[in-house]
Amino acid sequence: MRFDIITIFPELFAGAFDHGIIRRARQTGIVDVRLVNLRDFALDRHRSVDDRPYGGGEGMVLMPGPLFAAVESCRGAARGRDIEATGDGEVILLSPQGHLWSQPMARALAGRSHVILICGRYEGVDQRVLDALVDREVSIGDFILSGGEIPAMVVLDSVIRLLPGALGNEESTKNESFSAGLLDCPHYTRPAEFRGMPVPEVLLSGNHAEIERWRRSKALAKTLARRPELVETDDK
Ligand code: SAM
């Protein structure tokens with residue numbers, strides 16, 4: 001799978017992509033993540049990518065010219081490469097006005113071969129980018145961040161860990177919160193007793209059927225207490 005991330009701050013991604021699962025997935029070729037500096041597509045010698053809003057008002061707006069050029073370049077590059085990408089990778093704008101990001105959306109995106117993420121900044125992007133370039137807007141929650149870079153990292157991390165081979169143990173995603181409709185069960189590790197708090201007996205019993213029943217009942221109870229609306233969609 002290929003991700004192109006269009007941003008004015010590519011250096012922000014360095015730490016996030018150089019550790020753990022994402023780093024391993026990049027190294028083993030499970031995912032190809034390319035950082036695209038929007039300023040490389042500026043149309044003037046000052047490398048400007050934003051301008052004042054028509055009609056007046058506060059803040060700056062990302063101009064359409066560099067964004068169209070950047071997306072067209074990503075598509076052209078994908079077309080020229082020997083990957084599944086057809087050259088019409090889905091274009092997603094990170095935006096607080098978008099559809100709320102979720103595990104089912106991450107799962108669906110993990111099935112695509114090429115995705116282009118646009119990170120907004122300032123007041124956002126020129127409306128013509130939304131009208132003619134963007135396929136979908138995605139929000140990571142009802143709050144305002146300074147830019148789309150952190151939301152892009154959220155999207156990337158949640159998708160990459162679902163790609164075949166990205167995790168050491170594929171089973172581990174199956175019982176995760178939201179994957180099977182419920183929140184995850186409680187987890188314990190050594191020691192068997194810590195500051196007077198013992199690990200539940202059943203987990204030490206070796207009885208796998210009992211352990212599975214206990215985990216399921218705890219997951220169900222926690223979901224009913226915290227997110228009852230999820231139980232209706234539980235498909236186990
Ligand atoms: N003026 C915009 C509004 O009120 O809807 C907010 C712009 S925000 C300061 C700048 C950029 O940060 C946005 O274009 C978007 O790319 C990103 N952003 C901010 N909050 C976000 C969120 N909750 N989810 C996804 N992207 C977000």
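How far is the sulfur of Cys119 from the closest cysteine sulfur, and in which residue does that sulfur lie? In this predicted model, where local features need pLDDT of at least 70, side-chain atom pairs count only at pLDDT 80 or more and totals for chains, interfaces and linings use all residues, the closest cysteine sulfur belongs to Cys74 and lies 11 Å away, which is too far for a bond. Residues are numbered from 1 along each chain as its sequence is written, and side-chain values use heavy atoms, with hydrogens and water left out.

A disulfide is a covalent bond between the sulfur atoms of two cysteines. With a disulfide taken as a pair of cysteine sulfur atoms within 2.5 Å, the count comes to zero. Cys74 is accordingly in no disulfide, the nearest cysteine sulfur being that of Cys119. Cys74 is buried (under 20% relative accessible area, with exposed meaning over 50% and partly exposed in between, for a 1.4 Å probe and protein chains only) at 4% relative accessibility, and Cys119 likewise counts as buried, at 4%.

A polar backbone atom of Phe143 is 2.9 Å from a nitrogen atom of the ligand, a backbone N or O atom of Leu145 lies 3.0 Å from a ligand nitrogen, and a backbone N or O atom of Gly147 lies 3.4 Å from a ligand oxygen. Taken alone, the ligand exposes 580 Å², of which the protein buries 85%, with areas from the Shrake-Rupley method and a 1.4 Å probe, only the protein chains shown counting as cover for residues.

Two helical residues can be followed in turn. Ser158 is found in helix α6, residues 149-160, helices being DSSP runs of H or I of at least four residues, numbered from the N terminus. Ser158 is buried at 15% relative accessible area, and its side chain reaches the backbone oxygen of Val154 at 2.9 Å, while the backbone oxygen of Val155 lies 3.0 Å from a polar atom of that side chain.

Thr223, in helix α8 (residues 208-226), is buried with a relative accessible area of 0%. Its C-alpha atom is separated by 9.1 Å from that of Gly181, 42 residues apart along the chain.

Key: Polar contact = N/O pair within 3.5 Å; in protein donor to acceptor, adjacent residues only side chain to side chain.
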